[in-house]
Amino acid sequence: DGPAIPGNEISVLGTMRSAMAVLRMAMDQHQAAVRTLQLRHDTARDELLQRQEYETPQPWKQAEYLEGLGTGDQVPTPLHCEGKVKNRQLPRAILDKAIKTLLKTAHAEEAAARAKGLSEQHTTEKWWTMLHDYSATLNATEPLKVEWNYSFIDGLRRFQGSFQMRCMLLVLDEGLDVAVFTSISAVISQLAETVGAAAKEGKDKGKIPRSDLLKHVDKFFKPRTGKGGSGNLRTPEQLSELSVDLLYDEQAGTWGVTGNDVEVKHLFGEGKEGVRSNLVEKIAKHHLIERLRFIHDILRRVEWYRTDAANLTSAKTLFSCLRRVDPDKPADQVDSLVREVMRRDRALSADELRNRLLRIACKRTTPASDERVIQATTPKSAALISGEAKARRLVICLRACRAFLDALHDRRGGERRRTIADLVMPEGGFASPPKSRKSSHV
């Protein structure tokens with residue numbers, strides 16, 4: 001009803017609106033790009049921290065005498081000593097023999113406990129006792145036992161580049177479950193058997209073409225399917241690292257690797273003083289790193305979706321988070337993992353949950369690149385949270401609308417006509433659209 005707007009002003013107004021729409025679109029694209037870069041940065045930072053958590057060695061320097069740790073409550077009994085302790089500089093062969101003996105003793109005790117219907121828990125104190133008992137078989141007096149114990153720990157730090165030494169050091173220092181140690185050895189043995197079986201079928205018994213070896217390794221580290229996957233997952237980047245380590249083994253000239261073929265027994269066997277090939281050491285290293293990544297994803301999911309005001313995690317919350325982070329893992333395995341972590345506690349703090357997860361053996365069943373895993377480990381954006389809140393309010397309004405119409409129908413009697421509330425929030429699921437426009441109104 002007002003004055004007419006000149007044509008040129010209408011044109012300018014339309015141009016401004018178009019420009020504003022283009023500007024909004026550009027801002028949305030910019031915000032999406034920023035969120036993508038932030039997510040990539042967080043992922044790269046997390047992977048770097050996980051690698052540092054495994055790769056950062058404990059400080060070690062060669063010394064003729066070692067400093068005693070005293071006799072306090074925080075010091076393990078086998079290391080109770082004041083003053084200086086002579087370092088025997090134990091060779092790697094002796095360390096490797098001691099580790100194998102300790103593992104054999106632990107497995108024997110676990111088997112005996114299972115035969116009696118019990119569960120043998122090898123705590124950190126238990127491992128120190130086993131170590132002291134082993135040193136007693138080699139030394140006659142108590143000072144010599146303590147001297148050997150200190151020399152053994154120093155040797156583990158010296159050769160901690162090896163997964164065997166590194167894992168035993170984590171067992172004694174941080175209470176790592178021996179099942180983690182055993183799982184690494186099992187993966188290496190299983191891969192060696194798979195490649196060895198393929199080598200027996202070839203022309204040269206015990207040898208396999210180098211290209212075929214890499215194909216078998218790639219197939220082995222895939223999800224457990226009918227195509228030969230073992231369920232021990234690796235990323236494409238990690239598989240490419242294994243091909244580089246195979247090149248290092250060829251240059252070493254001691255692992256049976258040539259430019260054309262590979263001797264399986266030498267590659268997966270032990271060298272002098274228990275040394276393993278670069279390929280085997282890298283497989284063990286990847287196993288530990290993937291385990292840390294899985295634990296980190298669990299903790300991140302728990303941190304984002306914890307609802308307890310006291311920042312405590314219940315068994316129900318942990319079970320729900322595990323099902324989201326690893327959706328392909330069977331429910332009974334998830335339940336067993338939750339029981340192992342929670343034990344008899346109803347809830348755990350963030351630090352307690354992290355410490356217990358780091359001590360047990362666990363691996364991922366669903367690939368980390370799976371879209372479901374990515375969604376479960378990616379925080380919700382502010383827009384998504386706002387949208388979910390609006391959707392919840394809309395659902396409440398529709399439910400109230402339907403309840404009002406039902407009450408009105410009961411009061412007036414007769415058949416009530418269908419409404420939009422019935423279409424969106426029906427009693428028995430989503431309803432089909434109305435047959436005619438006449439039977440529907442708002």
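This is a predicted model: local features need pLDDT of at least 70, side-chain atom pairs count only at pLDDT 80 or more; totals for chains, interfaces and linings use all residues.

Guide: Residues are numbered from 1 along each chain as its sequence is written, and side-chain values use heavy atoms, with hydrogens and water left out.

Visitor: Is Pro91 buried, exposed or partly exposed?

Guide: Buried means under 20% relative accessible area, exposed means over 50%, and partly exposed lies in between (1.4 Å probe, protein chains only). Pro91 has 34% relative accessibility, and so counts as partly exposed.

Visitor: What does Ser162 touch, not counting residues up to four places away in sequence?

Guide: Contact means heavy atoms within 4.5 Å, and with that sequence exclusion Ser162 touches Arg92 and Glu281. Ser162 is placed in the loop between helix 4 (142–158) and helix 5 (163–174), and it is buried, with a relative accessible area of 3%.

Visitor: At what angle do helix 2 and helix 5 pack?

Guide: Axes are lines fitted to C-alpha atoms, for helices over the stretch in contact, and angles run from 0 to 180 degrees between N-to-C directions. Under 35 degrees counts as roughly parallel, over 145 as roughly antiparallel, 65 to 115 as roughly perpendicular, and the rest as oblique. Helix 2 and helix 5 pack at about 55°, with their axes 11 Å apart, and are therefore oblique to each other. In this contact Arg92, Leu95, Asp96, Ile99 and Leu102 of helix 2 meet Gln164, Met165 and Met168 of helix 5.

Visitor: How do the axes of helix 2 and helix 6 cross?

Guide: The axes of helix 2 (residues 92–115) and helix 6 (residues 178–200) come within 12 Å and cross at roughly 110°, which makes helix 2 roughly perpendicular to helix 6. On the helix 2 side the contact is made by Ile99, Leu103, His107 and Glu110, and on the helix 6 side by Val178, Phe181 and Thr182.

Notes
Helices (H or I, at least four residues) and strands (E, at least two) are DSSP runs, numbered from the N terminus.
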